[in-house]
Structures are given as C-alpha cells and as structure tokens.
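Thank you all for coming.

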Amino acid sequence: MRHEMIQKTTEWERINHLILAVSFLVLFFTGLGFLYQSLGWLNTIFGGIHTAKVIHRWTGVIFVISLLLTLGSYLGEALSFTKEDGAWISSLGGYFSKTAEPPPQGKLNAGQKIFYLFVVVIIGLAISVSGFILWLFPSSRGVILFGHFLHNLSYVIFAFTVPIHIYLGTAANPGTFRVMTLGTVTRGWAKKHHAKWAKELGIE
C-alpha cells in the first residue's frame with residue numbers, strides 16, 4: 001500500500017505549468033541577450049535581435065495568460081496560511097537541519113505558498129506589467145525609466161529564485177519532479193512531505 005500512487009496534480013495543471021516554464025525560459029534567455037551586450041550572441045539562436053524582440057514580446061503574452069490561469073489552481077491554497085505554516089517557516093522546512101521535523105503540511109507547503117505568492121504572482125505580474133509598458137509606451141521617457149527599473153529588478157529576482165525552485169523540485173526532494181510530469185506520488189511520499197494533505201485524503 002505504501003507505494004500505491006495517488007494523484008497530486010491534474011493534467012491541466014501540468015500542461016499549464018509546462019507552458020509557464022517554457023515561456024519563462026524563452027523570455028529569460030532572450031532577455032539575457034538584451035540586458036548584456038556580451039551575451040548578445042544568445043539572440044542569434046532566435047534569429048537575430050529583431051526577431052528575438054518579437055519572440056520575446058509575444059512569448060510574454062503567453063506567459064501572462066499562463067500565469068493568470070494558475071490563479072484558479074493555486075491561489076486559494078497559497079492564501080490559506082496556518083500555524084503549521086508558521087512553524088514550517090521558523091524551521092526553514094528542515095532543509096538546513098538533519099534533526100528538525102517540520103510540521104505536517106497541506107497540499108502546498110509553506111515554502112511553496114510563499115514562492116507562488118511572492119515570486120510567481122507578484123514578481124510575475126511586475127515583470128509582465130513593466131514589459132507591456134516598455135512595449136506599448138516607448139516614447140514616454142519617465143514611464144520607460146520606471147518600466148526598465150521594474151523589469152530589470154524583477155528579472156534579477158527571478159534569476160536568483162527560479163534555480164532554487166528547480167533544485168528543490170528535483171534533486172533536493174526525490175519524487176517531487178514526477179508531480180509535474182506524471183502528476184502522481186506514492187502514499188509514503190505524500191505522508192512524508194504533505195502529511196496534513198495525506199490525512200485529509202484518508203491516508204494513514
């Protein structure tokens with residue numbers, strides 16, 4: 001029974017997560033080519049700087065739509081903070097201690113909630129809004145300066161947080177990657193990482 005698989009994500013959630021991830025990577029690497037002249041060669045992969053700009057803009061539209069669609073899947077759970085979440089944050093999820101036992105977590109742990117709310121939603125919307133500003137108001141100097149500042153700041157935050165997110169969702173937590181590929185986890189994995197959610201499902 002321990003290895004019986006249970007569903008954690010729907011097919012729609014996995015497809016949308018893939019769209020969000022791929023669009024983010026396209027935006028990240030084209031943006032890197034725009035930001036640093038020494039890395040301008042990156043844009044040759046996308047057909048040159050002019051083509052890369054077109055790809056960057058329209059991929060941004062896809063990114064925004066995908067981001068907004070995640071709200072229906074994760075926002076409610078992410079906004080539902082409990083005392084267990086506070087204890088999880090206090091212990092940093094047990095990632096920096098071999099003895100710490102983080103409290104039982106729901107379908108999303110406190111770290112995932114924080115990442116979703118503050119990085120995916122807030123920073124994602126900030127980089128999206130600033131991107132549209134740069135695209136649609138190119139002749140307004142004051143607005144453009146603000147747009148560049150917000151866009152670049154958001155980019156830097158993504159550059160630091162997304163690799164950590166990828167690491168924690170793969171190598172750091174074996175069994176987590178399959179959540180966004182196959183959508184299933186073992187009963188044992190569910191009890192270990194999301195015991196509160198497992199209990200709600202009747203898994204003992």
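Predicted model: local features only at pLDDT ≥ 70, side-chain atom pairs only at ≥ 80, totals over all residues.

Residues are numbered from 1 along each chain as its sequence is written, and side-chain values use heavy atoms, with hydrogens and water left out.

The protein chain has seven helices and two strands, these being DSSP runs numbered from the N terminus (H or I of at least four residues for helices, E of at least two for strands). From the N terminus on, their order is β-α-α-α-α-α-β-α-α.

Of the 204 residues, 37% are buried, meaning under 20% relative accessible area with a 1.4 Å probe, protein chains only. A nonpolar core joins buried Ala, Val, Leu, Ile, Met, Phe, Trp, Tyr and Cys residues through side-chain atoms within 4.5 Å, and the largest one here has 21 residues, with Phe-24 and Phe-63 among those with the most contacts inside it. Helices H1 (11-35), H2 (49-78), H4 (110-136) and H5 (141-168) each give two or more residues to this core, and the largest share, eight residues, comes from H4.

Finally, H2 and H4 pack at an angle of about 150°, with their axes 10 Å apart. They are therefore roughly antiparallel to each other, a term that applies to angles over 145 degrees.

Methods. Buried < 20%, exposed > 50% of the residue type's maximum accessible area, 1.4 Å probe, protein only. Axes fitted to C-alpha atoms, helices over the stretch in contact; angles between N-to-C directions. Parallel < 35°, antiparallel > 145°, perpendicular 65-115°, else oblique.
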